[in-house]
Amino acid sequence: MANSSDSVARQQMSLDLLPSALLATVMTKLDIASIRSLACTCKAFHSCAAHMLCFIPSFHLLDIAPSAEFLRPLLPPNPYLRSLKVDCMRLDDSSLDYLLQTSLQELCLHNCADFSGRLLSQVGQYCKDLRFLYLSSLAEKRGRSIDVSDLEVLFGGCTQLETLILMFDVSMFLRHNFARVWSIAPATLLSLEMGYISSVMVTELLSPPVIPYQSLEHIQPSILPGLQKLCLSVDYITDTMVSTITKNLNCLTHLDLRDSPIMEPRMAFDLTNAGIQQINLHGRLKHLSLVRSQEIFPAYFKRVNDLGILLMADRCSDMESICLGGFCQVTDTGFRTILHSCAKIFKLRIYHGPHLTDLVFHDIAATSLTLTHVSLRWCNLLTNHGVARLVSNGNLSVLDLRDCRNIGDEALRTICNLSELKALLIDGSDISDMGLSHLSKGAMSSLVSLSIRGCKRLTDNCISFLFDESSNCGLRELDLSNIPNLSDAGVLLLAQRRVPLLELRMRQCPLISDTSVMVLASMKVDEEGWYGSSLRLLDLFNCGGITQLSFQWLKKPYFPRLRWLGVSSSVSRDVLDALSRNRPFLHVAFHGEELGMTGQWDNSDDLYMHDYDEVDELEQWLEGENEGDDENIQEAENNA
């Protein structure tokens, strides 16, 4: 024992003798996750890491939401800092002095609900070299406002801005002078995304300013002349808005428009055949997405039919990605025209296509298409035969067939031959336990994300069929939600297979109880691993048997990497508060919201592309020696 202590002391002494410049040089080659892991190993590395914070080029901290007292010492003045990404859920305007550093070129601030519009003007004043700016949920808390002058200061200061992403309700800006401010937006702007804006404001924003007594021969300056990418969520997609976008943005290569009407739109506030044929007048579009969401009201594009799609397809021969959602009058004729006219297309998404049938893919093998991403959500006339034709294109890496009710086991028999498949989503389909066994014979070796939510015929046996002991499984994300016959026995099978899952969703499974939590908490993915070490997201919302007992297994040291947890709102508030004190960086959702969703755009293509840390020791670095009181949860349970 004494020899062991002497060895550790000598190792510590040898590290202390190394020049700090040498250690710093080595650590500059690492990312922030590796640096923070090293900081936990010894005092020498901890001291060096603290010094490193003064000249690291990037600081990315999105997996937790740090408070101001934790974040301030981690962001000292740093003239070399180029990229900053932070979850600002616990921050406000008082944090601006250390967040906004003059050397920044990329700034991503998520969940800025407690900030005011002053954030925009401060960015313009201090971050003159900024190229990329992302802000979400800005000023969403009651009493916060955004003045157009703040946006004006931003544009006046960040003259080199190339990408601007404003993921909040932009209509919070007063319309007065809103369009005028955009006329001074940096000419370098290439990409613009907005969380919500009215179609009228879009039209005003992109229309050249009218100058009194101006001669007809005078050429009006265009707004955003170099813009190549435009992503907007609006109230209504209209002919007027589409025409304005097409005529005034000559360099556009990526157009993504989404609306969620609150009522059936009138002719003047809708997209028709006349409007859709205006798309891509300049012939430069590579990516097109037009989606009408039914989240608020069951509205569709009823004034666009096959003729409109045929006229649009004439200009889409160079298109690489097309997404059409809510086109209820388009039939196989229109969809086939897209496949046969767009020889370069590799991403195809069609949502709410009630007239899409197997005939769309009848002769797809005769085309030169190399589809890699296909999504056909809510296309209920699609059957196993159509899927078999589709997967004859063996390059598929993402296949989304959610809510296609007529898809069954025969479809899985053909899907299993896709050797490059990374993500498969077949929610609500008519598959059985035996059908899933086909995946274990082929595609399971390449799959990283699988969603079988709401497949009512599945039972606990689906786990044993999926994770055959002889198969090489690389699955990291699994959604087993809303499966009424899934029980604790199925979770036990999952634990026995030692699948190193990072995300596990089991919401609304009535037979899942505290036993499942205990099993997952005790699970080891390898002999030397920590208990429950792999899971970063666990969704147990509205599971029938989850009680307060589970929270004893959700505290430290179990689930050491857990960042997202979904539970039912019926859980005692005292228990939730105690868990929050024990694990201050855990995102706990108890209103039924989907976990891990950071944006409103459809990210089904990227379900398998998360960047997860191999070792997560950030909490240890931030909290130092201070451990939470493990008795808090027990006391809360006793008081509940």
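User: Why does phenylalanine 178 count as buried?

Analyst: Phenylalanine 178 has a relative accessibility of 2%. Buried means under 20% relative accessible area, exposed means over 50%, and partly exposed lies in between (1.4 Å probe, protein chains only). The value of 2% is under 20%, so phenylalanine 178 is buried. The model is predicted, with local features requiring pLDDT of at least 70 and side-chain atom pairs counting only at pLDDT 80 or more, while totals for chains, interfaces and linings use all residues. Residues are numbered from 1 along each chain as its sequence is written, and side-chain values use heavy atoms, with hydrogens and water left out.

User: How many aromatic pairs are there, and what makes the pair of phenylalanine 173 and phenylalanine 178 tilted?

Analyst: Rings of Phe, Tyr and Trp (its six-membered ring) pair if their centres lie within 6.5 Å; planes under 30 degrees apart count as stacked, over 60 as edge-to-face and the rest as tilted. The count by this rule is seven. For phenylalanine 173 and phenylalanine 178, the centres are 5.7 Å apart and the planes are at 35°. Phenylalanine 173 is buried at 1% relative accessible area.

User: Why is the pair of phenylalanine 178 and tryptophan 182 called edge-to-face?

Analyst: Their ring centres are 6.1 Å apart, with the planes at 65°. That angle is over 60, so the pair is edge-to-face. Both residues sit in helix H9 (residues 178-182), four residues apart, which puts about one helical turn between them. Helices (H or I, at least four residues) and strands (E, at least two) are DSSP runs, numbered from the N terminus. Tryptophan 182 is buried at 1% relative accessibility. Phe155, Phe173, Phe178 and Trp182 make up one aromatic cluster.

User: What surrounds tryptophan 182 beyond its neighbours within four places in sequence?

Analyst: Contact means heavy atoms within 4.5 Å. By that rule tryptophan 182 is in contact with Leu151, Phe155, Leu164, Leu192, Met194, Leu205, Ile223 and Leu224. The C-alpha atoms of methionine 194 and serine 136 are separated by 9.5 Å, the two residues being 58 apart along the chain.

User: Which residues touch the most other members of the largest nonpolar core?

Analyst: A nonpolar core is a set of buried Ala, Val, Leu, Ile, Met, Phe, Trp, Tyr and Cys residues joined through side-chain atoms within 4.5 Å. The largest such core has 179 residues, and Trp182, Leu224, Ile415, Ile452, Met506 and Leu538 touch the most other members. Helix H4 (residues 43-52) supplies the largest share, five residues. In soluble globular proteins, nonpolar side chains tend to be buried together.

User: How do you know that lysine 141 and aspartate 114 form a salt bridge?

Analyst: A salt bridge is a side-chain nitrogen of Lys or Arg within 4 Å of a carboxyl oxygen of Asp or Glu. Here the N to O distance is 3.3 Å, one of 23 salt bridges in the structure. Lysine 141 is in the loop between strand S4 (132-136) and helix H8 (148-157), and aspartate 114 is in the loop between strand S3 (106-110) and helix H7 (118-126), so the bridge ties together parts 27 residues apart in sequence. Lysine 141 is partly exposed at 41%, as is aspartate 114 at 23%.

User: Which parts does the salt bridge of aspartate 539 and arginine 507 tie together?

Analyst: The N to O distance of this salt bridge is 2.7 Å. Aspartate 539 lies in strand S18 (residues 537-539) and arginine 507 in the loop between strand S17 (503-505) and helix H20 (514-522), so the pair ties together parts that are 32 residues apart in sequence. Aspartate 539 and arginine 507 are buried. A network of salt bridges links Arg453, Asp479, Arg507, Asp539 and Glu594.
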